[in-house]
Amino acid sequence: MTVRKNQASLTSDEKRAFTSALLELKRDGSYDRFVTTHNGFIMSDTDSGDRVGHRSPSFLPWHRRFLLEFEAALQRVDASVALPYWDWTADRTTRSSLWAPDFLGGTGRARDGQVLDGPFAYSTGRWNINVRVDGRPYLRRTLGAGVAQLPTRAEVDSVLAMPVYDMAPWNSSSNGFRNHLEGWRGVNLHNRVHVWVGGQMSTGVSPNDPVFWMHHAFVDKLWADWQAKHPQSAYLPAAGTTNVVDLNDTMRPWNDVTPADMLDHRKFYTFDTEPVAAASQR
Amino acid sequence: MNKITRRQALGTTAGALTVLGLTAAASSVATSAAATPAVSTPPGTVDEVYQGRRIQISTGGGGHHGGHHSAGQPTVRIDGRELHIMRNADGSWISVINHYETFTEPKLLARAAVRDLQGAPLVPFGGAA
Ligand SMILES: [Cu+2]
Ligand SMILES: [Cu+2]
């Protein structure tokens with residue numbers, strides 16, 4: 001069974017196995033196909049039209065399924081690898097071990113934003129940015145420049161406290177847990193982290209930066225934490241909603257998986273610290 | 001399932017539409033350079049040089065590309081290349097360059113993209129340059 005761990009607690013062997021598997025997916029071309037898929041949804045998901053991956057209730061189950069597919073690809077390279085998560089409320093500075101040269105490498109240089117150290121630096125020749133929205137072929141970051149602070153634990157807790165999963169009009173203007181976690185409204189959690197990292201992470205081709213997966217693995221964990229906190233709260237909407245993926249509708253691009261299939265992460269993996277279910281306390 | 005059909009249609013036409021878009025951009029650069037934009041630009045349009053890049057925003061052109069988003073939305077170009085933009089339900093804007101940060105008007109969105117680009121050209125929609 002896959003156990004997703006906090007990136008801060010990985011051993012150096014685990015870090016090396018994870019980054020090596022990423023480099024292998026990059027080499028064999030499969031990595032870039034994930035970037036292409038993500039950008040396609042980023043460009044086509046709209047508030048007033050069909051929306052699946054973002055700005056909609058299925059933001060969470062869509063990314064859960066997307067990460068599962070990516071993790072399965074990593075495990076075909078190295079069966080010992082699981083996606084780590086980045087708790088950005090705890091590891092919230094550019095000095096975090098996350099950004100060390102033995103893991104993801106650090107921020108970009110001032111002149112052009114280019115990341116110069118770590119396994120994903122352009123100079124290694126092993127991490128070219130191929131699926132891109134501008135001409136630059138190198139990984140870029142501007143840690144902490146686009147927005148000064150990552151979300152705090154108190155801000156996360158204020159969003160986890162929201163009892164309703166999502167609300168009409170089921171888009172970027174919605175009230176409720178999903179849109180506050182996604183960040184289009186309120187204290188802004190997920191979106192703000194993309195902006196804090198900067199570079200490709202602030203664009204539609206954000207999976208070009210390997211931190212994408214660790215950011216989304218934590219967003220995914222926050223969904224699990226929220227479920228444990230609100231065992232009576234269901235995925236919404238239940239049925240019959242135009243342009244929106246209801247509980248039992250299939251999601252593109254897979255077309256064989258529904259939000260209902262994605263509700264229980266323990267069918268696929270556990271976390272190093274599983275949320276304590278509120279239900280078990282009753 | 002019509003959702004699939006729509007995506008497939010989008011995928012097959014994107015390349016051809018991009019070529020048309022670039023041709024249109026090139027000719028508009030040639031003609032408007034001789035004109036005096038301050039006098040003749042309709043409301044909502046922008047034609048400015050910002051940090052050495054030409055930002056052009058035209059509204060209501062229509063039909064420049066199919067299916068990405070609703071009709072009547074402005075077209076934003078940087079040095080003649082179209083920047084993919086999207087309007088949020090609250091009226092704010094995002095682009096494919098600044099996808100997770102909202103801006104109150106397209107001009108500010110375009111300027112933010114210019115700052116991020118640091119001189120790099122946009123590439124046609126869809127990624128692989
Ligand atoms: Cu996404
Ligand atoms: Cu994201």
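**Notes on the helices and copper sites of chain A**

1. Helix 6 of chain A gives way to Gly198(A), a residue with a positive phi, near 70°. Please keep in mind while reading that this is a predicted model.

2. Staying with helix 6 for a moment, how many of its residues are buried? The helix covers residues 190–197 of chain A, and eight of its eight residues are buried, so that the element is mostly covered. By name, the buried residues of helix 6 are His190(A), Asn191(A), Arg192(A), Val193(A), His194(A), Val195(A), Trp196(A) and Val197(A). The cover over these residues includes four other helices of chain A: helix 3 (59–77), helix 4 (153–160), helix 5 (177–182) and helix 7 (211–229).

3. His190(A) and His216(A) are both buried.

4. Because His38(A) lies in helix 2 and His63(A) in helix 3 of chain A, the pair ties together parts that are 25 residues apart in sequence. His38(A) and His63(A) are buried too.

5. How far apart are the copper ion (ligand 1) and the copper ion (ligand 2)? The distance between the two ions is 4.1 Å.

6. Helix 2 (residues 30–44) and helix 3 of chain A pack at an angle of about 170°, and their axes are 11 Å apart. That angle is why helix 2 counts as roughly antiparallel to helix 3. On the helix 2 side the contact is made by Tyr31(A), Phe34(A), Thr37(A), His38(A) and Phe41(A), and on the helix 3 side by Trp62(A), His63(A), Phe66(A), Glu69(A), Phe70(A) and Ala73(A). By residue type, this contact divides into seven nonpolar, three polar and one charged.

7. Are helix 1 and helix 3 of chain A roughly parallel or roughly perpendicular to each other? The axes of helix 1 (residues 12–27) and helix 3 come within 9 Å and cross at roughly 100°, so the two helices are roughly perpendicular. The contact joins Phe18(A), Ala21(A), Leu22(A), Glu24(A) and Leu25(A) of helix 1 to Phe70(A), Ala73(A), Leu74(A) and Val77(A) of helix 3. Its residues divide into eight nonpolar, no polar and one charged.

8. Stepping back to chain A overall, its secondary structure comes to eight helices and two strands. From the N terminus on, the order of the elements is β-α-α-α-α-α-α-α-α-β. The radius of gyration of chain A is 18 Å, close to the 19 Å that the globule rule gives for 282 residues, so the chain is as compact as a globular protein of that length. The C-alpha trace spans about 50 × 40 × 40 Å along its principal axes. Of the 282 residues, 60% count as buried. Of the contacts in chain A with a separation of 6 or more, 69% are made by residues 24 or more positions apart.

9. One last stop, in chain B. Ser95(B) sits in strand 6 (residues 93–95) of that chain. Is Ser95(B) buried or exposed? With a relative accessible area of 1%, Ser95(B) is buried. Beyond its neighbours within four places in sequence, Ser95(B) is in contact with Leu83(B), His84(B), Ile85(B) and Leu109(B). His84(B) is eleven residues away along the chain, with 5.6 Å between its C-alpha atom and that of Ser95(B).

Conventions. Residues are numbered from 1 along each chain as its sequence is written. Chains are lettered from A and ligands numbered from 1 in the order in which they are written. This is a predicted model: local features need pLDDT of at least 70, side-chain atom pairs count only at pLDDT 80 or more; totals for chains, interfaces and linings use all residues. Side-chain values use heavy atoms; hydrogens and water are left out. Buried means under 20% relative accessible area, exposed over 50%, partly exposed in between (1.4 Å probe, protein chains only). Contact means heavy atoms within 4.5 Å. Axes are lines fitted to C-alpha atoms, for helices over the stretch in contact, and angles run from 0 to 180 degrees between N-to-C directions. Angles under 35 degrees count as roughly parallel, over 145 as roughly antiparallel, 65 to 115 as roughly perpendicular and the rest as oblique. Ala, Val, Leu, Ile, Met, Phe, Trp, Tyr, Cys and Pro count as nonpolar, Asp, Glu, Lys and Arg as charged, and the others, Gly among them, as polar. The radius of gyration is taken over C-alpha atoms; the globule rule is 2.2 Å times the number of residues to the power 0.38. Donors are N, O and S atoms within 2.8 Å of the metal (3.2 Å for Na, K and Ca); water is not among the atoms, so sites may look incomplete.
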